[in-house]
Amino acid sequence: MIAEAGLIALWLAASMAFLQFALCAVGLAKGQDEFFAAIRPVAIAQGLLVAISFLLLVWLFVRSDMSVKLVVANSVAIKPLIYKISGAWGNHEGSMLLWIAIMGVAGACIGIFERNLKTKTLVTTLGAQAFISIGFYAYLLIASNPFERMFPVPADGQGLNPLLQDIGLALHPPTLYIGYVGLSVAFSFAVGAMITRDVGPEFAKAMRPWVLGAWVFLTLGITAGSYWAYYELGWGGWWFWDPVENASLMPWLAATALLHSVTVLATRDGLRAWTLMLAVVAFSMSMIGTFLVRSGVLTSVHAFAVDPERGSFILALLAIYIGGAMALFALRVGKVKEGSQFEPVSREGALVANNLLLSAILGIVFIGTLYPLVVEGFSDEMISVGPPYFNLATGPLALILVAIMAAGPLLRWRRDQAKALLNRISIPVFLTAAALFALVMFTTSMSVLPLLGLALAAGIAVASFAPLWKRNLRRTPMHVYGMVLAHFGVAVALVGMASETSFTEEKLVAAAPGDEILVNNWKIKFLAIEPVAGPNWTALEARVTAQYEDQAIHEIAPQNRMFASAQMQTSEAALLTRWNGQLYVVLGDADSQGRWQLRIWWKPFVTLIWYGGVLIALGGLLAMVGRLRRAARQKQQRAYAEAVL
């Protein structure tokens, strides 16, 4: 009965989405406000119904209901509870239901909380959101029913992919999907504004919290996904430029550009057409990412679907949504009034330069990700585009980007003087030059990009706090603190990336019990191999001690796990974290002489990569909360003034 209830709720939610779109279309065509009045409650009902449908799917996984095909394929009764819950979206159908559930709840939140947009623009926004939802509802109900029954009912399930049985699955997909859906809301706002020709500061102020929220969750999702792959796959790297990794990076790049652009529009009434275009591009990148992950065109540990027919369905949705939005943009962009003007040397000018660089990096990643697929599709020739291309092509642009990012907040709006800017950034420039000199003098064998990255990080770290100089810190708006923290997080992450790239030491050995291995200043002693058992796995565990110089001895235990339900073996790395880096140990196979393969890395300051990502997201969160509080306070002040008058 639970599965049937979930499917009924899904059908009802789809009906509400269709009704929501129809009310918008008819209301706009006939100009009758009574149709508009019904859209808010319909949007709320849709969000409630699809949320119920998703929660019922989670309950089916928690109960291990083996009469449901999806549960059988992705769960097992003895699996820990957290993996039963996360298993609900650790598959193709469940993840798509999570996607549409977040989208429905987002639409309901617009209906409940949005009060700043003009009625016509708000209704059109909700209509556009419903139109997007209809396609995904059709995809679920026609091609990917998550509640499909299975007869006869098996005794137990096949189990979730062992690589996904990790806390990362509970964090990475939901945060990433919230980010994707936030971009769909920004896209709907842009479509609504283009249809009603209501492009201005008020529209931007209504859209900005959604863009900020999407950007924060995308940042957290990418950061969590990077760390998850780093420790779970046992390969020792934090970013491989895998096509599915790029599928999450491309929307983030577009969202970062959109965030800065919508800020200019909301604050200074500039970049109107640019903001609309970036909203379309950001959602387009999330749709392309969805197609890559779920179409079967990629083989990746991150990819879900391998069904070309379902891939064709998503490709059709992609063509409809992106093609329609691009056509609408082409038709309406000429009628969008030009916003306020500004000089090249200004804060707006710096934001435009950053947006152009972000767009260039996005283009490079887009081409590098899709080019091999296009070549294979037309010629059956397999080619690979990997880190050498991406690092060389994007690295210099990224360094220029962060340098401009450091200078941007020190510029005045509309117009500034280059000489005055040079005076303001003299300290960060001096620190960058000093750091570069020290690195050249006291380090060896550093390549150019990491060298420049470390030197720039020193200047950026100081420049990020420049907006607080000579301010009353108690009266400084919260969004300024958010900007400072996010920019400082970029410097922190840059130190981690450059240090890991330049100073990592690796050693691959075949060790017998009692052997000692030296890596950097670490003394590693291999003691023994012992069998251990977990809730739904067995493993061979290496007992290893690690001592840094003459300090305390730590015990670590890398494992080779075997999951009986999936008949699959995984390597579970052992990580030992210190303030200045991480020791990373992976257990391999045994040889004929009874020795075991150990792969050991010492990665200086590698954890700063993810600490920096968290700081960036936290900065975005502070900025979002600050903007919302400021808007609420201004609204209260206006209401009070109107009441007094």
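This is a predicted model: local features need pLDDT of at least 70, side-chain atom pairs count only at pLDDT 80 or more; totals for chains, interfaces and linings use all residues.
Helices, as the term is used here, are DSSP runs of H or I with at least four residues, numbered from the N terminus. By that convention, Ala-204 lies in helix α9, which covers residues 201-232.

Leaving aside residues up to four places away in sequence, Ala-204 touches Val-262, Leu-265 and Ala-266. As for Met-326, 122 residues apart from Ala-204 along the chain, the two C-alpha atoms are separated by 20 Å.

I turn now to helix α3, residues 39-62. This helix has 24 residues, and the distance from its first C-alpha to its last is 35 Å. That is close to the 34 Å expected at 1.5 Å a residue. Just after α3 comes Ser-64, which takes a positive phi of about 55°.

My last topic is a hairpin. Strand β2, residues 516-519, pairs with strand β3, residues 522-533, in the antiparallel sense, over 4 bridges. Within this pairing, Glu-516 stands opposite Lys-525 in β3. There are 2 residues between the strands of the hairpin, and Asn-520 adopts a positive phi near 55°.

Which residues of β2 form its covered face, and which its uncovered one? Ile-517 and Val-519 make up the covered face, while Glu-516 and Leu-518 make up the uncovered one. Glu-516, then, belongs to the uncovered face of β2 and is also the residue set opposite Lys-525.

Note on methods:
Residues are numbered from 1 along each chain as its sequence is written. Side-chain values use heavy atoms; hydrogens and water are left out. Buried means under 20% relative accessible area, exposed over 50%, partly exposed in between (1.4 Å probe, protein chains only). Two strands pair if DSSP finds at least two bridges between them. The expected span of a helix is 1.5 Å times one less than its number of residues. Contact means heavy atoms within 4.5 Å.
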